[in-house]
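This briefing covers side-chain contacts in one protein chain, grouped by topic. Please read it alongside the sequence and the coordinates.

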Amino acid sequence: MATKTHLSDGEVDQYSVTEEENLAVWLLAIKTLRIQPFNLPSLGPYDVKIRIKAVGICGSDIHHFKNMRVANFVVKKPMVLGHECAGIVEQVGSQVKFLMIGDRVALEPGISCRQCQLCKDGRYNLCRNMKFFGSPPTNGALANQVVHPADLCFKLPDNVSLEEGAMCEPLSVGVHACRRANVGPDTKLINIGAGPIGLVTMLAARAFGSPKIVIVDVDDIRLSFAKDLGADEIIKVSSIMQDVEEEVVRIRNAMGGPVDLSFDCVGFNKTMTTALQATRAGGKVCLVGLGQSEMTLPLTSAAAREVDVIGIFRYRNTWPLCIELLRTGEIDVKPLITHRYNFTQEGVDEAFETSSCGGNAIKVMFNL
C-alpha cells in the first residue's frame, strides 16, 4: 500500500509507493517540486508505453523551475517537467510494427499536428500546435512511465546507453544548428557559450567536419571543460558591452584567420554583437540560444558586409543521425554527464539546485 504524508494545503509531500503507481516530478510553484501521481492517457493504436530510465535536466527546465516561464511559455497550472529522456518499451499499440516490448529507445519529445503547412513542408519543429514534453501546457517525461507516439521513439543500438539516448535531445539542437549553417570541412567557427548546448554544438560541428573551433565564454571552469572536450582555442570574455571590440580582436587572433561562422549559444545583446562583429564578410551567424526575447544589435554594419543571420528552433529529423554518431563513437557525450541523481524527493531537490548553480555542473541526469 502507498503511504502518503499531506501538507496543510493538501499537496502530497512524499510517497512510499507500490510499483503500480506512476509518479512524476510536478512543478507546483517557483522552486517548488513534488513527486506526485501522474495519470497516463490510454494507449492508442500507434502509441507505446515507455518505462523511463534516464532524464536530463535542460536549461528550459531550470527557467521553468525559477520563473514558471520560458519566454512566452508560461506555467499556469502544475506541470510535469523533463524532455531529455530515454527508456524501455513496456507496452505497444495494436498497430505498432517496428518496436517490441523490451526495446531500449530514445524519445523525441515534440508531437506536431502533422496537418499544417509547416508540418507538410517538413518543418514540423515550427508547428504552432506542437505538444512538447515539459513545455506548458504539456506534461513532461520526468516520470516512471509515459505514453508517446511510437514513431517518435528510436531504438538504441546495444553499445549506446540509455543515458546517451537521453542526450540525443540536446545533441539534436547542435546537429540542427550545423545543418542550418551548412557546417563542413571548410568552416572555421567560433562558438559563444560553453554550457551544455554550446558544448554539444561544438561536438556536432566537429563531426560535421569543422577544422577549427574557438570557444568563447565568461566562465573559466566551462572553458576548461570545452578545451578538454576538444576545442582548438578558448577565449575568456566579460559581460561588459564596451569590451566587445577588444574581444573580437582576440577571437580573430585565436582563429588565425577569418571566422566563417559564429554560433551564439547564449542569445544576449553582447553575445550577438560579438558574433556579428567577429564574423567575416560573407559569413554566417547562427543564433542558437534564446537568452533575451528582444535585442538591440548593429545589423546595418553586418548587412553591409553581407553577414547572413539565421536562427534555429529546437530540431527536426535528427534522432537517427544522433544515434548513428553515438554508435560509431564519432561523438562522445558521456563526459558531459557530470552529475547523477536518483528519482526521490531529496534527489529531485538536489538535482535542480545543482543544475541551477551552473559551475562544474554541465549535464545533470536522473537515473530512474
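Helices (H or I, at least four residues) and strands (E, at least two) are DSSP runs, numbered from the N terminus. The model is predicted, so that local features need pLDDT of at least 70 and side-chain atom pairs count only at pLDDT 80 or more, whereas totals for chains, interfaces and linings use all residues. Residues are numbered from 1 along each chain as its sequence is written, and side-chain values use heavy atoms, with hydrogens and water left out.

**Helix α11**
- Helix α11 is followed by glycine 358, whose phi is positive, near 65°.
- The helix has 13 residues and reaches 19 Å from its first C-alpha to its last, close to the expected 18 Å (1.5 Å times one less than the number of residues).
- Its buried residues (under 20% relative accessible area with a 1.4 Å probe, protein chains only; exposed is over 50% and partly exposed in between) include Val348, Ala351 and Phe352.

**Aromatic pairs**
- Rings of Phe, Tyr and Trp (its six-membered ring) pair if their centres lie within 6.5 Å; planes under 30 degrees apart count as stacked, over 60 as edge-to-face and the rest as tilted.
- The count by this rule is 5 aromatic pairs.
- Phenylalanine 65 and phenylalanine 352 have ring centres 5.3 Å apart and planes at 50°, so the pair is tilted.
- This pair joins helix α1 (residues 59-67) to helix α11 (residues 345-357), across 287 residues.
- Phenylalanine 65 is buried at a relative accessible area of 6%, and phenylalanine 352 is buried at 1%.
- Tyrosine 315 and tryptophan 319 form an edge-to-face pair, 5.1 Å centre to centre with 70° between the planes; both residues are buried.
- One aromatic cluster is formed by Phe65, Phe352 and Phe366.

**Salt bridges**
- The whole structure contains 13 salt bridges (a side-chain nitrogen of Lys or Arg within 4 Å of a carboxyl oxygen of Asp or Glu).
- Lysine 363 and glutamate 84 meet in one of them at 3.0 Å, N to O.
- Lysine 363 lies in strand β22 (residues 363-367) and glutamate 84 in strand β9 (residues 84-92), so the pair ties together parts that are 279 residues apart in sequence.
- Both lysine 363 and glutamate 84 are buried.
- Arginine 114 and aspartate 151 form a salt bridge at 2.7 Å, N to O; arginine 114 is partly exposed at 42%, as is aspartate 151 at 37%.
- Glu164, Asp332 and Lys334 are linked in a salt-bridge network.
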